[in-house]
Amino acid sequence: MKMMMSSRFKSILLFLSGAVAATLFIAQLSFREKDKQNANSNSNNDSTYANQHFYLPQVPREMSFAGETVPLDRWEIREAFDRELIYNYYVPGHISYILKLSKRYFPLIEERLKANGVPDDFKYLCVAESNLQNIISRVGATGFWQFMKGTAPGYNLSVTDQVDDRYDVLKSTDAACKYLKMAYAKFGNWTAAAASYNCGTGGYNSQAVFQKTYNYYDLNLPEETNHYIFRILSFKQLMSNAKALGYTVDDTNGYPPFSTKDITVTSSIPNLAEWAISKGTTYKMLRILNPWIRSRSLTVTGGRSYIIKLPQ
């Protein structure tokens, strides 16, 4: 009995040893095949990447901003513009979305720029500031034109718990025009006025006095301002030549202007949700069409009035 068990045990050991050896052999073959496949895959990927061609948008031979010539014959100016052009071109979803928004908001901005005597090219400054959206920066600058809470009242923009005109595209465009015309009167050219929108009139003037020139293209400015005009120019180049550059946004798929009617409000509204429903709409739609409303109620005092837009 003991000898039979010993013989049987040896047989089991021999069987298990053979099974393990076979498993290891098969695994080794499998790993070799996988390595071969990976090598072929990497070779194919390398071939794919080698066959790809990345288009580089061309810097135009000539360009202007607000009627003022951009000196693209200077290598450092050309390269600075090229940097911003390439960067913004290769964020296609970003540009496409801005192009869609521009169908809704450019007509409004263009009308206010024209009414205020400010060159049409400044709509691209608005793009550079906010991408045509009511955003809030990390330092608190707000709205399409990025006004700070402390400076907004100086440009006829009300900022309270209930009302914030920085979110009103028409009023904030008028406010931006007021600043830009003041800066133009101070510096004598629109390019300097645009650059000062980024670093302030005081900051621009300080650099200009020290460096003995008010020409933006001859100044060494803070890093963000050094790129600022070229960022604006890149949006002008990409958006005004969108179709030629392959962007497929047009009047058929862009966002159309809101169809609205104006309601003049001369008395307080304690509950804007109930008021909106009484007018045949919703509080949500009220806030979308009137982003300057920042509360659930609207207090009207001192003979003031507000114009509220509702769906047509």
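User: How many salt bridges does a search of the whole structure find?
Analyst: The search turns up 12 salt bridges. Keep in mind that this is a predicted model.

User: What are the closest N and O atoms doing in the Glu84 and Arg83 pair, how far apart?
Analyst: They sit 2.4 Å apart, and the two residues form a salt bridge.

User: Glu84, buried or exposed?
Analyst: Glu84 is buried, at 5% relative accessible area. Arg83 is partly exposed, with 47%.

User: And which residue does Lys123 meet in a salt bridge?
Analyst: That would be Asp120, at 2.9 Å from N to O. Lys123 is buried, with a relative accessible area of 8%, while Asp120 counts as partly exposed at 35%.

User: What about Asp121, which side chain does it meet?
Analyst: Lys236, in a salt bridge of 2.9 Å, N to O. This pair links distant parts of the chain, 115 residues apart: Asp121 is in the loop between α3 (92-115) and α4 (123-130), and Lys236 is in helix α7 (residues 223-240). Both Asp121 and Lys236 are buried.

User: Which residues do salt bridges with shared partners join into one network?
Analyst: Arg74, Glu76 and Asp218.

User: Switching topic: what does the secondary structure come to?
Analyst: The chain has 9 helices and 4 strands, running α-β-β-α-α-α-α-α-α-β-α-α-β along the sequence.

User: And what share of the residues is buried?
Analyst: Buried residues are 39% of the 312 in the chain. The chain exposes about 18,500 Å², with carbon and sulfur atoms supplying 55% of that.

Notes:
Residues are numbered from 1 along each chain as its sequence is written. This is a predicted model: local features need pLDDT of at least 70, side-chain atom pairs count only at pLDDT 80 or more; totals for chains, interfaces and linings use all residues. Side-chain values use heavy atoms; hydrogens and water are left out. Helices (H or I, at least four residues) and strands (E, at least two) are DSSP runs, numbered from the N terminus. Buried means under 20% relative accessible area, exposed over 50%, partly exposed in between (1.4 Å probe, protein chains only). Accessible areas come from the Shrake-Rupley method with a 1.4 Å probe; for residues, only the protein chains shown count as cover. A salt bridge is a side-chain nitrogen of Lys or Arg within 4 Å of a carboxyl oxygen of Asp or Glu.
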